[in-house]
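Here are some exercises to work through with the model open beside you. Try each task yourself before reading its solution.

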Amino acid sequence: MLKNKELASYIEANLTKATIAGEIAKAEIASEIMKSRLKKGMNQKEFAQYMNVSQAMISKWESGECNFSISTICEICDKLSLVFSIEITAIEQYCITKTSDEWSGIGGSNNITDMMEVSERSKDLVEAA
């Protein structure tokens, strides 16, 4: 099993900035969907019926396996009374800017290991809810 620094090095060497940003976005969407379900006090089966999709689809949504279309995200948000917004900013102002061992621009963090730790803490908070 890779340790955080080894994993960060692997990610830096093997994934593009676009891939990392996409995965982070999918994780954020998955987290919001799961939080909405938990706030409603529903299990995945009940939530699937509420959303008019299969339980397998809810599982994909919540695991981050689904590569959502913007239309699908908007439909989900509408059903859950959430607001969907997207920000596109010039890379010079924001985004992932990589220098030798540092990454900046995601969640205020300056390295991939910190981002992974924040992600794990977020996951723990969702599971505790």
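**Exercise 1.** How many disulfides does a search of the whole structure find?

*Solution.* Keep in mind that this is a predicted model.
Step 1: The search finds zero disulfides.
Step 2: To see why, look at Cys74, whose sulfur has its closest cysteine sulfur in Cys77, 6.6 Å away.
Step 3: A disulfide needs the two sulfur atoms within 2.5 Å, so the 6.6 Å between Cys74 and Cys77 is too far for a bond.
Step 4: Starting from Cys77 leads back to Cys74, again at 6.6 Å and again too far for a bond.

**Exercise 2.** Decide for Cys74 and for Cys77: buried, partly exposed or exposed?

*Solution.*
Step 1: Recall the cut-offs: buried is under 20% relative accessible area, exposed is over 50%, and partly exposed is in between.
Step 2: Cys74 has 38% relative accessibility, so this residue counts as partly exposed.
Step 3: Cys77 has 10%, so this one counts as buried.

**Exercise 3.** Find Ser36 in the model and describe its surroundings.

*Solution.*
Step 1: Ser36 belongs to helix α2, which covers residues 17-39.
Step 2: Its relative accessibility is 11%, so Ser36 counts as buried.
Step 3: Set aside the neighbours within four places in sequence; Ser36 is then in contact with Leu80 and Leu82.
Step 4: Now take Leu82, which is 46 residues from Ser36 along the chain; the C-alpha atoms of the two are separated by 9.0 Å.

**Exercise 4.** At what angle do helices α3 and α4 pack, and which residues make the contact?

*Solution.*
Step 1: Two packed helices are described by the angle between their axes and the distance between those axes.
Step 2: For α3 (residues 44-51) and α4 (residues 55-63), the angle is about 105° and the axes are 8 Å apart.
Step 3: The two helices are therefore roughly perpendicular.
Step 4: From α3, the contact uses Gln44, Lys45, Phe47, Ala48 and Met51; from α4, Gln55, Ile58, Ser59, Trp61 and Glu62.
Step 5: Sorted by class, this contact has five nonpolar, three polar and two charged residues.

**Exercise 5.** Now step back: how many helices and strands does the protein chain have, and in which pattern do they follow along the sequence?

*Solution.*
Step 1: Count six helices and two strands.
Step 2: Reading along the sequence gives α-α-α-α-α-β-β-α.
Step 3: For the chain as a whole, 26% of the 129 residues count as buried.
Step 4: The chain exposes about 9000 Å², with carbon and sulfur atoms supplying 53% of that area.

Terms used. Residues numbered from 1 in each chain as written. Predicted model: local features only at pLDDT ≥ 70, side-chain atom pairs only at ≥ 80, totals over all residues. Heavy atoms only, no water. Helix = DSSP H or I, 4+ residues; strand = E, 2+ residues; numbered from the N terminus. Buried < 20%, exposed > 50% of the residue type's maximum accessible area, 1.4 Å probe, protein only. Contact = heavy atoms within 4.5 Å. Areas by Shrake-Rupley, 256 points an atom, 1.4 Å probe, with all protein chains shown as cover. Axes fitted to C-alpha atoms, helices over the stretch in contact; angles between N-to-C directions. Parallel < 35°, antiparallel > 145°, perpendicular 65-115°, else oblique. Nonpolar A, V, L, I, M, F, W, Y, C, P; charged D, E, K, R; others polar.
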